[in-house]
There are 2 protein chains.
Amino acid sequence: MSTTTRARLSPDERRSQLLDLGVRLLATRSLDELSIDLLAEEAGISRGLLYHYFGNKHAFHEAVVRRAADDLITQTAPPAEGDPLERLLASVAAYVDYVLANFEGYLSLIRGAAGGNETLRQIYEDARSTLSERIFTEDAQGDVIPDTPRNRLVVRGWAALTEELVISWRSDPAGVTQAELLELIAGSLPALVDLPSR
Amino acid sequence: MSTTTRARLSPDERRSQLLDLGVRLLATRSLDELSIDLLAEEAGISRGLLYHYFGNKHAFHEAVVRRAADDLITQTAPPAEGDPLERLLASVAAYVDYVLANFEGYLSLIRGAAGGNETLRQIYEDARSTLSERIFTEDAQGDVIPDTPRNRLVVRGWAALTEELVISWRSDPAGVTQAELLELIAGSLPALVDLPSR
């Protein structure tokens, strides 16, 4: 990147660009492996300047993971039109694509969140809430998933199922195609919602 | 406990008794809170004797968690007779009872396993494999769940869903009764298995 290009960017733009670079680096590494040194080297700027933008390593990691979560939310937005189940399938397909393309970072977020890192847990919970909330608000007529306490619980369970299916499938597809995986994930939500309750 | 009682026990029996005590203490505490000091105090024996039985704190924790996992597996064994779905429901009911009765220890196992503690991860995976394997071997005719790669994946997803549902429900039942929770968990497995694949 030339000095000329850099000079055109505002500090906010420059910070944002560094976050994008951080997210790209996180795709193939765990959070522990994403050091300030590495980012400085890849960005071609000094460590000092990075500390200027992010304060410390912890804040830098937090900002990168938040950006990654925001990207996931943006990229999995369902199409505005169409049959509810087709829209759900499209959203799930985008989710699976994102996870597969950013697997190492995704796994380190999940492990960090589950393992008791409070910052990661909060970002993870916020992202999951946003994704879950979308399921209810996108389906405003409640045709597919009525907004009830039981269904809110079901969606939480479904999110955990989805996570596990993608991670397990990636390590061993066992003859299941990606299309079958998507059908399974997308189809399971209405199936869970439709289960009879006592 | 009297010295007389203690004298009658073999070292293996004594060790086993200490593990049971460890599991009971773990029901209401995280693994981090389960110290050698606490166990020594509760058992009324010296720290030195505990180190004699378990070697070090890490080995002690590992042995307690393994015992807890074995207890879970024993207590969730389905009844030998009956309709497959009724037997699944009975097994799920025992699982939920166990988790609710041993919640803090259960949570610390899951978090430790997910957070990258290799020993805990291995115990957790072993227990999950045993529980999953049981689903296929108990249903030897394959009437409910044929043993296919796809269904093995489904069972993994279902296990994650079950874990999430119990943990979420415990923190906020949101009007869902325990009986409804059990129906939801037990009913979801055949529903997931029956989903059409492309």
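**Figure 1. Salt bridges across the predicted model.** Over all chains, the count comes to 22 salt bridges, each being a side-chain nitrogen of Lys or Arg within 4 Å of a carboxyl oxygen of Asp or Glu. One to look for joins the side chains of A:Arg128 and A:Glu163, at 3.8 Å from N to O. A:Arg128 sits in helix α8 (residues 118-138) of chain A and A:Glu163 in helix α9 of chain A, so this pair ties together parts that are 35 residues apart in sequence. This is a predicted model, in which local features need pLDDT of at least 70 and side-chain atom pairs count only at pLDDT 80 or more, while totals for chains, interfaces and linings use all residues; side-chain values use heavy atoms, leaving out hydrogens and water. Residues are numbered from 1 along each chain as its sequence is written, and chains are lettered from A and ligands numbered from 1 in the order in which they are written.

**Figure 2. Chain A by itself.** Here you can find 10 helices and zero strands (DSSP runs numbered from the N terminus, with helices being H or I of at least four residues and strands E of at least two). The C-alpha trace of chain A spans about 60 × 35 × 30 Å along its principal axes.

**Figure 3. Where chain A meets chain B.** In this view, 31 residues of chain A are in contact with 31 residues of chain B (contact means heavy atoms within 4.5 Å). The two chains bury about 2800 Å² between them, 72% of it on carbon and sulfur atoms; buried area is the accessible area (1.4 Å probe) that two parts lose on being put together, summed over both. Between chain A and chain B there are four salt bridges. A:Glu164 forms a salt bridge with B:Arg156, and their closest N and O atoms are 3.0 Å apart. On the side of chain A that touches chain B, α7 (103-114), α9 and α10 (178-193) each supply at least two residues. Helix α9(A) gives the most, with 13 residues.

**Figure 4. The two α9 helices, face to face.** Helix α9 (residues 149-171) of chain A packs against helix α9 (residues 149-171) of chain B at about 145°, with axes 7 Å apart. Axes are lines fitted to C-alpha atoms, for helices over the stretch in contact, and angles run from 0 to 180 degrees between N-to-C directions. Among the residues that meet here are A:Leu161 and A:Trp169 in α9(A), and B:Leu161 and B:Trp169 in α9(B).
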